[in-house]
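Morning, everyone. Today I want to talk about pockets. Here is the structure.

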Amino acid sequence: MPMLDMVIDQRRKDLGGGFEVGRILPVRGRRMVGPFIFFDHIGPTDFPPGIPREIDVRPHPHIGLSTITYLFAGEMMHRDSVGSEQPIRAGEVNWMTAGRGITHSERFEQARAHGGPMHGIQSWVALPEADEEGDPAFDHYDDSALPRLDDGGLRARLVAGKAWGLASPVKTHSPLFYLHCELDAGATLALPDEYPERAAYVVQGAIEAGGERHGPGRMLVFKPGAATIRALQPSLLMLLGGEPLGQRFIEWNFVSSSKERIEQAKADWRAGRMKLPDLDNHEFIPLPGDAEHTPANPMS
């Protein structure tokens with residue numbers, strides 16, 4: 001029986017200044033993989049010193065999800081409305097849970113001052129209905145806190161969840177797994193088989209799965225059951241999946257099981273009722289389609 005349910009190719013988008021991301025999820029025909037509802041490939045690029053501030057991600061809101069920007073190279077500065085200020089560095093985990101509402105920014109301050117590489121994955125994990133209106137939170141985990149597996153030609157780091165007998169300390173809200181895997185040419189791996197929805201994203205290199213070759217920028221969504229991957233050359237993969245949560249709606253940066261809740265979040269952002277990051281509260285991204293304006297309470 002075929003292992004693959006769907007193959008998704010990234011759609012590249014220029015954010016300005018030659019800085020690109022590749023959008024994977026959501027896509028027509030596949031809104032989520034387990035609880036993962038958004039997946040972007042950031043870069044890779046090399047920033048020269050003095051990059052414009054327009055490349056920064058200005059303060060913006062979220063509800064109903066957890067976010068993680070996981071870097072292979074480079075550094076971003078995260079600031080949010082629960083008072084956090086934390087650099088995002090390669091191999092570390094900054095896990096931000098929006099719950100009923102949070103705002104944050106991500107700025108390329110290190111690259112602006114010194115130049116350097118930028119390469120990573122930004123993903124969103126939808127929250128179960130019971131946690132959608134929970135308290136917003138932010139948790140940071142050093143690279144050394146993440147469990148590792150070294151099995152011949154496979155080196156893996158468990159970013160979040162449980163897989164292969166490992167358990168990450170990252171606080172999650174539903175059964176899932178998120179793995180950073182490096183494979184030597186000829187090495188194989190078997191995807192965790194305890195989850196009904198699973199995918200592999202090829203960051204670098206080339207792999208064989210389902211009898212076909214797959215290169216960078218491609219996500220393979222697997223059917224339930226046994227599934228294996230073989231590296232055709234040295235390769236970097238992100239494996240992800242988990243238990244499905246049911247229908248979720250997504251609009252702009254808002255995720256919810258209720259369309260009405262998203263409309264409320266849009267109204268709250270438009271009216272300035274969502275607190276801006278404590279240490280980055282002088283600008284923001286307006287709701288798409290709205291003219292640039294000053295929120296009713298921009299310094300709250």
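Which helix gives the largest share of the lining of the second largest pocket? Helix H2 (259–270) does, with 3 residues. This is a predicted model: local features need pLDDT of at least 70, side-chain atom pairs count only at pLDDT 80 or more, and totals for chains, interfaces and linings use all residues. Residues are numbered from 1 along each chain as its sequence is written, and side-chain values use heavy atoms, without hydrogens and water.

Terms, quickly. A pocket, on a 1 Å grid over the protein atoms alone, is an open set of points where a 1.4 Å probe fits, with protein on both sides within 12 Å along at least five of seven lines; lining residues have an atom within 4 Å of a point. Volume is the space filled by probe spheres set on the points, which are joined across faces, edges and corners. Helices (H or I, at least four residues) and strands (E, at least two) are DSSP runs, numbered from the N terminus.

Back to that second largest pocket. Its volume is about 160 Å³. S10 also supplies at least two lining residues. Among the lining residues are Ser81, Arg100, Pro136, Arg261, Asp268 and Lys275.

Now the largest pocket. The volume is about 760 Å³. It has 28 lining residues, and Leu15, Arg23, Asp40, Val57 and Gln122 are the closest to its centre. Strands giving two or more residues are S3 (20–25), S4 (36–47), S5 (57–62), S10 (102–107) and S11 (116–126). S5 gives the largest share, 4 residues.
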